[in-house]
Amino acid sequence: MDKQRAAALCGLAVALLWGLSFLSIKVSVAAVPPMTLAFARFALAVAVLPLLALLAKEDLRIAFRDAPLLAAGGLVGVTFYFYCENNGVLLLSASESSLIVGTIPVLTVLAERIFLGTRLGHRIYAGAALSVAGVALIVLRAEGPGGAASSPAGYLYMAGAALSWVAYAFLTRPVASRYGKICVTFWQSLFGLAGCLPFALAESGAWKAPSLAVALNVAYLGLLCSAAGY
């Protein structure tokens, strides 16, 4: 299999994992506070990523000079992103949430054009627009006239998540060229996990033992969506 085809299949796999993640978040956040869920998710990811690095024979050591950039990526792409996403999904339906996150490719293209002056082909612009249009058509058909009432705060949370993901992509680009994928993911997840801790502790009054269904959804989010998907 050539690299281009393998990359396309990996992209489809990530789209499937992350697409289903909104359903898992919706199930989990009904029982687990938003940032406690984020902490649990990335605690699992941080626990399993060194094993994946060992299997892939990838070094997790980094230069001290790159730690601030990895920390910034983790705080923006993990702590702030999931603060916005989990709270947004709590207030919106899973399909509404996925619609707003579906604007990330368009926002990324615009950011590259504005801040980097990147000249992108018409096919890339068309693909970004079609990705949003396709999600919109599916969501509008799924919601129908009997859909759940929308929450303005939920839309603001999800818009914050989309913008933070674009910032995360820009912060990750410099270190991604110097380290392996698992290494970057591990350190960003670790810094992001540390950022989630104070928020999770603030929610401790709402902690309770999760059901088996919730525990399995949290495991799916941590092991597949975060550890494997990233």
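**Reading a helical chain**

Leucine 110 is found in helix 5 (residues 104–116); helices (H or I, at least four residues) are DSSP runs, numbered from the N terminus.

User: What kind of model is this, and how are residues numbered?

Analyst: This is a predicted model: local features need pLDDT of at least 70, side-chain atom pairs count only at pLDDT 80 or more, and totals for chains, interfaces and linings use all residues. Residues are numbered from 1 along each chain as its sequence is written, and side-chain values use heavy atoms, without hydrogens and water.

User: Is Leucine 110 buried, partly exposed or exposed?

Analyst: Buried means under 20% relative accessible area, exposed over 50%, partly exposed in between (1.4 Å probe, protein chains only). Leucine 110 has 43%, so this residue is partly exposed.

User: Which residues of helix 4 are buried, and why do they line one face?

Analyst: An α-helix has 3.6 residues a turn, so residues three or four places apart point the same way. In helix 4 (residues 94–101), the buried residues are Ala94, Glu96, Ser97, Ile100 and Val101. Seen down the helix axis, they fall within an arc of 165°, so they line one face. That arc uses the directions from the helix axis to the C-beta atoms.

User: Which residues does methionine 158 touch?

Analyst: Contact means heavy atoms within 4.5 Å. Leaving out residues up to four places away in sequence, methionine 158 touches several residues, among them Ser97, Ile100 and Val101.

User: How many helices and strands does the chain have?

Analyst: The chain has 9 helices and 0 strands. A strand would be a DSSP run (E, at least two).
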